[in-house]
Amino acid sequence: MKKHKNFVIIFAICLKQSEYLQMSANYKNEKTLHIRGDCMVTKGLKKIKIVTMCLACLISFPVTGTIPSYANEMKNTNVTSTYTQPSPLSGAVNYLDYAQKIHKILKESINGTEPFIETGIQVRSEELSDLCFYIQMYYLGETPKVYYVYQYETPEVGRIQIKRENVKTCIEQHEEALKQLQKIVDDAAGIQSKDEKILHYASVLHDNNIYDYSHTNSTVYQLLKNKKGICHAYTTAFGWLCKLSDIPVLYIEGKTEGPHAWNQVMLSNGEWKYIDVTNLFISPTRSYIEPDYYKQHFTETMRYVMYKP
């Protein structure tokens, strides 16, 4: 079998701080290549810290196997991050579907021993940052470390691997937080109107938690466990509650007085409304953000689909 040289670019999503890591690989005459650096992938004003850990040349890594149908779909899809009214979902790519596939693969591989889990998913390099963000948004607790394997002979796409290091913790925290969110949904079963449920979910999250000015509680798992969190945690938790209730919802990044995140949700009549769960008090009626107030105080930079029916 002919063997090919591949380049490996390794990314790790770090929720709290950048970690500097390095890895070596034998290259030709036992030479070792070390490349280490901090790579900031910016989505609007909010920076997702992704660490470039190494760029290594592997001498004997054959490119074999077939691409799953959903990987082909992802590979041939262009990312759309800007939406136009009246339908913010028009042309949107829901990468949460692919994040969910990765989660399923990790659960099936949880008892394995190999250091890296091959997902069978291939993506274009320009799709990587979006996929990584959606993986971060999908997981309610700690986030898996994503490795992007750049294939020398097919440079337009690369393979997605997950480092086993924290997979068990990611799954446990995600499922624990998901149980708590499902309980909130179950407790609201008596509320027949989806529109009323939207405001109910916002109130439950806002009234039972406080903002974490230390910015150490950044995940939904930490928000529900420690009863405090940042806007990303509030916005993601609200998005999941809507998703569990079959309500279309977006995650929006931008700024108010500083970097911030909030949601846009679709009402039963098809109308889209903005809601800031972190600062629900900004509306006198503890409801949606008034259009005039929104235009004056909110600036959008990026939008992501959290649930698309």
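Q: In which sense do β12 and β13 pair, and over how many bridges?
A: As a general idea, the strands of a sheet pair through backbone hydrogen bonds, in either a parallel or an antiparallel manner. In this predicted model, strand β12, covering residues 259-266, pairs with β13 in the antiparallel sense, over 4 bridges.

Q: What is the strand order of the open sheet?
A: The sheet has 4 strands, arranged β13-β12-β11-β14 with antiparallel pairing. Its edges are β13 (272-275) and β14 (299-307), each of which pairs on one side only. On average, neighbouring strands of this sheet are turned by 25° against each other, direction ignored.

Q: Which helix packs on the sheet, and which strands does that helix touch?
A: Helix α3, residues 128-138, packs there and touches β11 (249-255) and β14; the direction of α3 makes about 65° with that of β14.

Q: Which backbone atoms does the side chain of T119 reach?
A: The side chain of T119 comes to 3.2 Å from the backbone nitrogen of I121. A polar atom of that T119 side chain also lies 2.6 Å from the backbone oxygen of I160.

Q: Which residues have the most contacts inside the largest nonpolar core?
A: That core has 72 residues, and those with the most contacts within it are L106, I160, I162, L181, F238 and V265. Leaving aside residues up to four places away in sequence, I162 touches several residues, including L106, F116, T119 and V167.

Q: How does H297 count in terms of accessibility, and what does H297 touch?
A: H297 is found in helix α8 (residues 291-297) and counts as partly exposed because its relative accessibility is 35%. Not counting residues up to four places away in sequence, H297 touches K255 and T256. The C-alpha atoms of H297 and E257 are separated by 7.8 Å, although these residues are 40 residues apart along the chain.

How values were computed
Residues are numbered from 1 along each chain as its sequence is written. This is a predicted model: local features need pLDDT of at least 70, side-chain atom pairs count only at pLDDT 80 or more; totals for chains, interfaces and linings use all residues. Side-chain values use heavy atoms; hydrogens and water are left out. Two strands pair if DSSP finds at least two bridges between them. Helices (H or I, at least four residues) and strands (E, at least two) are DSSP runs, numbered from the N terminus. Axes are lines fitted to C-alpha atoms, for helices over the stretch in contact, and angles run from 0 to 180 degrees between N-to-C directions. Contact means heavy atoms within 4.5 Å. A polar contact is a pair of N or O atoms within 3.5 Å; within protein, one must be able to donate a hydrogen and the other to accept it, and residues adjacent in sequence count only if both atoms are side-chain atoms. A nonpolar core is a set of buried Ala, Val, Leu, Ile, Met, Phe, Trp, Tyr and Cys residues joined through side-chain atoms within 4.5 Å. Buried means under 20% relative accessible area, exposed over 50%, partly exposed in between (1.4 Å probe, protein chains only).
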